[in-house]
Every structure is written in C-alpha cells, then in structure tokens.
Amino acid sequence: MSHPAPRPLRAKAPAGPLSGRLAVPGDKSISHRALMFGAVAVGTTEIAGLLEGEDVLRTAAAMRALGAEVEKLGPGAWRVAGRGVGGLVEPADVLDMGNSGTAARLLLGLLSGHPIFAVMTGDASLRRRPMKRVTDPLSASGAQFWTREGGRLPLAVRGATDPLPIDYVLPVASAQVKSACLLAGLCAPGTTRVVEKEPTRDHTENMLRHFGATVWVEDTPEGRVVRLVGQPELVAAPVLVPGDPSSAAFPIVAALLVPGSRVVVENVGLNPLRTGLITTLREMGAALRIENERVAGGEPVGDIVAEYTEMKGIEVPPGRAPSMIDEYPVLAVAAAAARGVTRMRGLAELRVKESDRLSATAALLAANGVNAAIEGDDLIVQGTGGAIPGGGTVETHMDHRIAMSALVMGLASEMPVSVDDAAFIDTSFPGFATLMNGLADGEVLGAP
Ligand SMILES: O=C(O)C1=C[C@@H](OP(=O)(O)O)[C@@H](O)[C@H](O)C1
Ligand SMILES: C=C(OP(=O)(O)O)C(=O)O
C-alpha cells in the first residue's frame, strides 16, 4: 500500500432515497490491539470480526516479523499464537507500517520494552507524521531512538534491557500516545502511570484487563489517571471486534443527507469515548436511533438507524474532539448540508493525521462551492440548507477519511463530486464503494 496506483472515483446523487441494512467492517483501533495483545499473551487468541484493512494487515505482518504466529482462518477470523510478555524477537527486516499511525505508535511502545533492535518506516503520509510524541515518553523507559529530522520515520529503536516504568502526563489528547506508554509498561516492573487531561478512547485499558492485566482508572482533578501493574502474565482471550463507529459515520451521514433515506448500520461499537459524532448530529437535529443495544466482547454495541433530516448548524465544543477525532471531515459534510453556521472548535490534532485534515476538509468544501474558513484551530462551515453545489475534484492527500467524506458529499450535491484517489479507503474500509452502492438504486460511486 506504500505506492498504490491512484484510483479516481466519482459520486453522484442517487435517483431516489438510500435504504437498507448493512454492517461496516470491524473496529480499526480494536483490531490493531487484538493482534498486538495476542502476540504478547501466553496461548492462542482467537479474533472474530477483525478489520482486514491495509492498516491492520500491517500490524499483522509486524507481529509475524516479531515472532508471533498470526494466521487467517476465514473472513475476519484470525488466530494469534503469542510469545508472552517480553517474548518478542528481533525482526530480520524493516517494519513497514504503511499508512497507519496507530500501528506505528503502539508498536513503538511494545518494542521499547524488548531488548531488541528494529527499524520502522511507513508510506509518504506516515513519514510526515510526528513520532516525537511517543519517542519522548518512551525514552524514559530506557529505550533509545534515532529518528529522521523532526522526529519522523524512518526511525531505529533499541528497546530497553531493563525497562523502567513510565510516569507521564499527556501534553496532547492522544489514545495512541497513552497506549504506547502502557504497552511499554507491560515489560517494566512496578506501576506505569499515564495521566490524560481529556479522556481518549480506552480500548487499550479494556483489552489489557480482558487479557488479565491489572489496570486502574481514576478521575482526579489532574485528569484521568491510568495505572498498569507491570510484568503481568497476559493470558490469551477471545476477541470479538464490533463494527467501527468511525466507518459507520459515512453511511449514517449519507442517509441523513439524501432526501427520504433510511439506513440501518448493524452491530456498531458504541464505546462512549467514540460516540461524539452521534451526540453532535443529534444536536444538529438528526433523526438517529439506537436499537438492539447490548454488550458484545466487552464493548457496548447497537444498531444505528439513520433517517433523512434537515439539520441545523451548531457549535461543537473542543472538549468533544477526542470522542470524534476521526469524524470531523464527514461532520463538515453534514454541516455543509445543514441550515446555518457550524463552528467546530479545538481541532489542532487534525493537522497531524494522514493529511492535514483541517486544511484538507476546508479545501474539500471549497472545491464544491461551500464556504468554509479556518480560524485558529476552529473550522467554520456555512451551511447551504441542502443545496451543496458540488462539481469539484477533491485532493485526498493519501487520506482515507477525506476520500470517503468527499464521496458522501457527492451523494447529496447538485453536481457529482470526484476524488483524485480512492485507493487509501482500503486502509480502514475495504468494500466501501460496493457497500454504498448497495444502498442506492443503481450505481452512485463509480469511475469518473
Ligand atoms: O488509538 C487509536 O486507535 C487511535 C487514536 C486516534 O489517534 P490519536 O491518538 O493520534 O488521537 C485516532 O485518530 C486513530 O484513528 C486511532
Ligand atoms: C487517524 C487515523 O488513523 P491512524 O492515526 O492510525 O493513521 C484514522 O483512521 O483516521
């Protein structure tokens, strides 16, 4: 996936409403973690519903290179024979994490605790992203890093022989940084402590417990304090991966925007630290219902029913960003269709995703006749009241979420919307175009 041939794609408005039931692929965050935890557990971990997107396949390949047996048994069904905490072996070659920030940063945490040497790289997008945010705290464990200028990939790491537990207050809200510190803490004696001022997704904490580690989480005036007791024996445990709420966002917003639509997305993960988009869309007036709520594989899940609604612009508070960090591009598309102005506040972190998503989202809107402005770290979108002109070609900058957001916009625009490259959609949502076409009467996503 490092240099895929560009695949242009175009979306046009369907002749009628979107309708149907669908399931989106497995949660990307949980899938990466299931493979990594499986690799350092004792015994065999069976995973069901694993996301078979390029990002997660990179993690699977890396865990194999580090000595775990990772095997695909059937669609979404995988088996990992682990090596136990501290048991990973030195990889014979460079670890290429492709387009995936989560794979790179979490793996650096894991490598820090092993006395091995490894070299990591990624594609042109990942090589632009900051790694100092993990190499700084991980250095406190005794691991050594040699990075390219600006703390970027490629980098080399020599993990610590006698790792020390990390005590770190996160300077940015990042589940990847938190998780990297906790994964390093698996190999260290004593207690690893991470403090986050704003809670971020807690899949690492949940899965550590699921595999038998002792993790305490405490809300204090300083923030959320997470403590992990080091050197646990992780015991293999089955993992059932729910549908990814960040992928569900695309058919949900499409249904809200195309007149007369009703779409049900089944079996979506509803971890409260991931559901900021649902809260926000409801504040905009969206007709969203959750049915069949239950707990599966230790995570809350449900079916989301989305029906066409004329929405209104709102102000989205900065504190909500961690619970919907990957959903802002598609929220901006919903805001473009709404009546009135939407102001999304506190989006600095969007600048360091697969692309600079703050400017890529503003450009996506501008290319299609929607007024948008960036003020500081805020994105301000002037809603069109359901009359998005469209007609533009969007530069996706190797960013799957920019591509999918632009295509959703094309379903609800007066003229079709094209993207220069839809190839990166396969990092998180293989089958996206087929699934979206399945909701319409006739092909709506196709070659330009
Ligand atoms: O921990 C994770 O699985 C993720 C955390 C988020 O990144 P940050 O930690 O950089 O906010 C998110 O954007 C990413 O898609 C997945
Ligand atoms: C930011 C994302 O992923 P990652 O950081 O893993 O590349 C994403 O999927 O939107």
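Helices (H or I, at least four residues) and strands (E, at least two) are DSSP runs, numbered from the N terminus. The structure is a predicted model, in which local features need pLDDT of at least 70, side-chain atom pairs count only at pLDDT 80 or more, and totals for chains, interfaces and linings use all residues. Residues are numbered from 1 along each chain as its sequence is written, chains are lettered from A and ligands numbered from 1 in the order in which they are written, and side-chain values use heavy atoms, with hydrogens and water left out.

Strand β9 (residues 152–158) contains P154, and the peptide bond leading from L153 to P154 is cis, with omega near 0 degrees. Most residues other than glycine have a negative phi, and most peptide bonds are trans. Q231, which is not a glycine, has a positive phi of about 50 degrees; this residue sits in the loop between β13 (223–229) and β14 (239–240). N292 also has a positive phi, near 60 degrees, and belongs to strand β16 (residues 287–296).

Next comes the division of the chain. Domain 1 covers 9–26 + 242–446 and domain 2 covers 28–231, with bounds that come from an automatic or database domain assignment. Taken over C-alpha atoms, the centres of the two domains are 29 Å apart. Where they are in contact (heavy atoms within 4.5 Å), domain 1 supplies 25 residues and domain 2 supplies 28. The UniProt record, an unreviewed entry, lists residues 15–433 as "domain: Enolpyruvate transferase"; UniProt positions are given in the numbering used here, feature names are shortened, and annotations may be inferred rather than shown by experiment. That span is 28% helix and 28% strand, and its end C-alpha atoms lie 17 Å apart.

The interface can also be described by area. About 2100 Å² is buried between domain 1 and domain 2, with carbon and sulfur atoms giving 51%; buried area is the accessible area (1.4 Å probe) that two parts lose on being put together, summed over both. On the side of domain 1, the residues losing the most area to domain 2 are L273, E354 and T427, together 25% of what that side buries.

Charged pairs complete the picture. A salt bridge is a side-chain nitrogen of Lys or Arg within 4 Å of a carboxyl oxygen of Asp or Glu. Three salt bridges are counted between domain 1 and domain 2. R129 and E354 form a salt bridge, with their closest N and O atoms 3.7 Å apart. The structure holds 32 salt bridges. In the one between D96 and R58, the closest N and O atoms are 3.5 Å apart. D96 is in strand β6 (residues 95–96) and R58 in helix α2 (residues 54–65), so this pair ties together parts that are 38 residues apart in sequence.
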